[in-house]
Amino acid sequence: QAQLVESGGGLVQPGGSLRLSCAASGSIFSINAMGWYRQAPGKQRELVATITKGGSTNYADSVKGRFTVSRDNAKNTVYLQMNSLKPEDTAVYYCNADIRIPLTGRSYDYWGQGTQVTVSS
């Protein structure tokens, strides 16, 4: 089994910055796409940003130009640098990864436990 562990959430003022990290560990053969999703109270979970193993990225329109997703393949870690944060960015942020495990050779979708990001003055 593999697992994802997130860190870096917290309380920040509007206009501030935060950096989220998500490390994958356990039984891992390879990791394909990794990314971040978020869920605000009363809303559905939505895509924030994704990044392929080769480094191609995709962003939600609402975060383009403010958020940057990156990954360190040697560390099995994905990052989300969030700048110019707005109150509407307040949500629980979840890490996601498509991980191929050695036992079956198949890929499975894994989720982190979530980390709270609150943007408020």
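Asn96 is buried in this predicted model, at 9% relative accessibility. Asn96 belongs to strand 9. Its side chain makes a polar contact of 2.9 Å with the side chain of Asp109, and the Asn96 side chain also reaches the backbone oxygen of Tyr110, at 3.2 Å. Leaving aside residues up to four places away in sequence, Asn96 touches Leu4, Ala33, Met34, Gly35, Tyr37, Asp109, Tyr110 and Trp111.

Tyr37 and Trp111, both among the contacts of Asn96, also pair with each other through their rings. The count of aromatic pairs comes to 1. The Tyr37 and Trp111 rings are edge-to-face, 5.1 Å centre to centre, with 65 degrees between the planes. Because Tyr37 lies in strand 4 (residues 30-39) and Trp111 in strand 10 (residues 107-111), the pair ties together parts that are 74 residues apart in sequence. Trp111 is partly exposed, with a relative accessible area of 35%.

Two arginines lie over tyrosine faces. Arg19 is placed over the face of Tyr79, at 4.1 Å from the ring centre; Arg45 is placed over the face of Tyr94, at 3.7 Å from the ring centre.

The largest nonpolar core has 33 residues, and Trp36, Leu80, Met82, Tyr93 and Ile99 are those with the most contacts inside it. Elements giving two or more residues to this core include strand 1 (2-7), strand 3 (18-26), strand 5 (46-51) and strand 11 (115-119). Strand 9 supplies the largest share, 5 residues. Met82 touches Gly16, Ser17, Leu18, Leu20, Arg66, Phe67, Tyr93 and Val117, not counting residues up to four places away in sequence.

The whole structure has 4 salt bridges.

| Salt bridge | N to O distance |
|---|---|
| Glu46 and Arg38 | 2.7 Å |
| Lys64 and Asp61 | 3.1 Å |
| Arg66 and Asp89 | 2.8 Å |

Glu46 is partly exposed, with a relative accessible area of 37%, whereas Arg38 is buried at 6%. Lys64 is partly exposed at 49%, and Asp61 is exposed at 64%. Arg66 and Asp89 form a salt bridge and are both buried. Arg66 lies in the loop between strand 6 (57-59) and strand 7 and Asp89 in the loop between strand 8 and strand 9, so the pair ties together parts that are 23 residues apart in sequence. Arg38, Glu46, Arg66 and Asp89 are linked in a network of salt bridges.

Definitions and conventions: Residues are numbered from 1 along each chain as its sequence is written. This is a predicted model: local features need pLDDT of at least 70, side-chain atom pairs count only at pLDDT 80 or more; totals for chains, interfaces and linings use all residues. Side-chain values use heavy atoms; hydrogens and water are left out. Rings of Phe, Tyr and Trp (its six-membered ring) pair if their centres lie within 6.5 Å; planes under 30 degrees apart count as stacked, over 60 as edge-to-face and the rest as tilted. Helices (H or I, at least four residues) and strands (E, at least two) are DSSP runs, numbered from the N terminus. Buried means under 20% relative accessible area, exposed over 50%, partly exposed in between (1.4 Å probe, protein chains only). A charge sits over a ring if NZ of Lys or CZ of Arg is within 6 Å of the ring centre and within 35 degrees of the ring normal. A nonpolar core is a set of buried Ala, Val, Leu, Ile, Met, Phe, Trp, Tyr and Cys residues joined through side-chain atoms within 4.5 Å. Contact means heavy atoms within 4.5 Å. A polar contact is a pair of N or O atoms within 3.5 Å; within protein, one must be able to donate a hydrogen and the other to accept it, and residues adjacent in sequence count only if both atoms are side-chain atoms. A salt bridge is a side-chain nitrogen of Lys or Arg within 4 Å of a carboxyl oxygen of Asp or Glu.
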